[in-house]
Amino acid sequence: MIFALIISLALYTLILWAVGKTLPRYIEKGVKGLSSAIYVLGYGAYCTTWTYYGSLEGVQNNGLFYFAVYVGPILSSFLWKTILYRIVELKRSYEITNITDLINVIYRRSEKTVVFVTCFLFIGMLPYISVQMKAVNSSIRFFSNTEGPLLFGIDLFVLCSFIFFTLFFGNKKLADKSDQYGLSTIIAVESLVKLIGMCLVGVVVLYFLLFDQEKSVVMDRLFHDDPVFGSEVFFSKTNKWIYTIFVSAFAFLFLPRQFHVSILELKKKSDIVKATQYVPLYLIIMTVFIIPISLYGASFLQNVQASNFSLGIPESLGLHWLSIIIFLGGYSAASGMVVLEVTSLTSMITNNLIIPFAQRKRMEDIFKKLYFIKQVTAVVLMILAFLYFEFVAKNFPIIATGMVSFCCIFQLAPSFLGGLFWKGAHRLGMKISIYSGAILWFYTLFLPGIIESFSPSSPFIHHGPFGIELLKPYALFGVEEFDKIGHNFFWTMAINLPCFFYFSKLGRRLEESNFVEQEIISESLSTVRFLEQYSKSLKRFLDKEQAGIKTEEIKRKFAIEDKVGVEDFCDLVSYCESYLSQLVGSISAEREVQTILSERQKTAMEKAKRYMNDRNVMAREKLSGLRVLASGMAHELNNPINILDTSTQALLMKLEELKKMKAEGVGKSEIFDLMDELEALSSVVRNGSRRTADVLSTILSKTECSNLIVEQENIEKLIKSSFEEAKERERLTINVNFTIHCALSSFIPCSKRDLTKAFEEIFSNSFYGILEKAKEDPIFKATIHVSIDQVRSLARIEISDNGVGVKEGELPMMDLPFFTKRPTGKGNVGLGLTMVHDIIHAHSGDMKIKSKRDGGLSVVLTLPLVR
């Protein structure tokens, strides 16, 4: 039978490899629904050998309580869309490569904490990986009925098979950024195989329950009479349900492997909605047969371990082919989890530990060996998990060992969820929360588990360190009302959560914003050394040709000169760091860029960022005051102007009567001559009042700021439609070569109405400059070019024209109220760009106006991709 298992496993591996190579081709061809199905099935990685074997073991001891770890994800499914959408936007903006990057993105300048979390998760996931080895080892021993030595036989075979699966299907080369579906396809197939296996054995059991009278009577008697399945045990443990539901709900989304399948493997945001619909159904089907299988096994397989009931049932019935399918399903459950978990952990270790260490020590050679280092790290991780399995996990049930890892990831819950949805979250609160949670988890779960496996009667466990009863790891400070997992959950909620909120508020109060003088922004910074060093950095991770192409692309994109202003330099650095983070993760990218920058550049950038924040606040306050003033003036002046207009109309009517009198020869001629002069004067007054009313109406329209109704809008389509509308409004008589280059893949959250108004004003300003240039040059060819790019979490929109431009001294006044270059009466009162500035800042963005060296004007807008 062992030989048959090995052959079956080898064939199964070849099938997985073939499917992983061929199925992605059909996805790339656009086969409808295939990509979504693979994404949804990827969530099945949550159902590991814990589900396949551990739940059968759990039913024997805790009844229905085994289902609690699935109730958590099912009940929280209505929150998946809200949580995952937020993370997906961050992932697209900051090129997140693993779950620890999320901490660095939410809480800036948190490198040391990210390193700590990486080590914490490395240790915390060892029990879960060891559970998979234990379950597969147990299933093979069921067929072989032998005991192998520590480093040979079955144990070694399991370790080697997992290492092969991970190295063969898991880790990719560092710069491999192609849109490949290989790993996600294999995980989806494995999820399908384990579902089929569980359903097949469940159907067999249900057949005997329904059609075999003798066996159904025995199982019915067992369910009602046996103390294991009696109502007291079967429907008890309600005090454990609450904390298990909370812990499992968070673990379902934030375990490293679950984060990988839900965020990193996501191709379309719409697939998240499908996941919320079908994944709960998958979990229900996977677990609904656990009870009947457990009942059947307890009734007729007294000599078989509870965890192997699913294998023992078909064997006892002579269905050896079904036993092999069940074994492959169990192996799929284990290997899928191990491949994803180890791949995620090695990515964290490489990006957060190895690369930063090499950067500090200037170990240039190591960057060319990163793929090999990742493979070695994966092997070391699995060997450590194997040792944990041999010396610790063998002494505890599968569920108890797996919950240790669940509680590990739960220590990050306040920091992750708080950082995503609470504006008051601060990195000080995050650090204290994570550090305290990690210490609690290590002291109350991980460490006593290791000690207990070697010495069950250890004084440390039963009497506390140095005999201090209050420090007993399973009854800290005298809290004895809970089991081990409940005890850890209690202290997490009692210490970890309050620490997060208290120290976040404290951190906010301690933060001071220092205003920076304008002179800081006016200085220039050299780009030559920065780009030279950045090119060298790229060559560490890419080949020379790719690095050179990317460097030249950056030079063209930012029109690099020897020296640029601080704000332009900040844009350049942000873009370079964003690209580098795609290769090595945000932590290593940030560190690499910091090593390139000089101290003067770092200081200038830091001060510039604080200055721009202060300037934006002041600008919003000034513009708000201006709106109030202008609006009040317009409304106050409108009333007398209306009266003046009405009076002049009445005066003209009287003059018409006097004209009739003149025609009839009534009165003296001198009086009628005076009447002619009054008529002319009244016409002037009326035209002047109407002009004044038009100007005030313009002021009102420019100063109105509607409440933002933010929706996801396609920025490219929005700009094109704004150009056409502005062209129609201005009745442009000259041909304009309008081009647009969009390198942005995601939509922008914005108010379509307000942003359209802003773009129309920018284009209107460009049209005026173009028309003035056309008057000077008869063969002039007008062009307007729009470039849309992504710089970290911002969309950068540059609108350039080749019109007359402005003088260098006029640039700072371009967005000031009432400043205009147009002659009086040309339909502009100098509030167009002021309104644009107001709208962009209402979107938490920024606007810069630049004069081009070859003539023309360039307006650069930055808008956040995430609100």
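**Close-up views of a predicted model**

**View 1. Helix 2 (34–42) and helix 10 (182–211) each give at least two residues to the lining of the largest cavity.** This is a predicted model, where local features need pLDDT of at least 70, side-chain atom pairs count only at pLDDT 80 or more, and totals for chains, interfaces and linings use all residues. Residues are numbered from 1 along each chain as its sequence is written, and side-chain values use heavy atoms, with hydrogens and water left out. Helices here are DSSP runs (H or I, at least four residues), numbered from the N terminus. Helix 2 gives the largest share of the lining, 4 residues. Look for S35, I38, Y39, S184 and E265, the closest to the cavity's centre among the 12 lining residues. By class, the lining has 6 nonpolar, 3 polar and 3 charged residues (Ala, Val, Leu, Ile, Met, Phe, Trp, Tyr, Cys and Pro count as nonpolar, Asp, Glu, Lys and Arg as charged, and the others, Gly among them, as polar).

**View 2. The structure holds 6 cavities of 30 Å³ or more.** A cavity is a set of points on a 1 Å grid over the protein atoms alone where a 1.4 Å probe fits but cannot get out, and lining residues have an atom within 4 Å of a point. Grid points are joined across faces, edges and corners, and the volume is the space filled by probe spheres set on them.

**View 3. Helix 7 (residues 111–124) and helix 22 (residues 427–454) have axes that come within 11 Å and cross at roughly 20°.** That makes helix 7 roughly parallel to helix 22 (angles under 35 degrees count as roughly parallel, over 145 as roughly antiparallel). Axes are lines fitted to C-alpha atoms over the stretch in contact, and angles run from 0 to 180 degrees between N-to-C directions. Helix 7 passes helix 22 in a left-handed crossing (the near helix is turned anticlockwise from the far one by less than a right angle). Residues in contact (heavy atoms within 4.5 Å) include F116 and F120 of helix 7 and Y435 and W441 of helix 22. That contact has 10 nonpolar, 2 polar and 2 charged residues.

**View 4. Helix 17 (residues 309–316) packs with helix 18 (residues 320–361) at about 165°, their axes 7 Å apart.** So helix 17 is roughly antiparallel to helix 18. Their crossing is left-handed. From helix 17, S310, L311, P314 and E315 meet H320, L322, S323, I326 and F327 in helix 18. This contact counts 5 nonpolar, 3 polar and 1 charged residues.

Key
Parallel < 35°, antiparallel > 145°, perpendicular 65-115°, else oblique. 1 Å grid on protein atoms, 1.4 Å probe; cavity = no way out; pocket = protein on both sides within 12 Å on 5 of 7 lines; lining within 4 Å.
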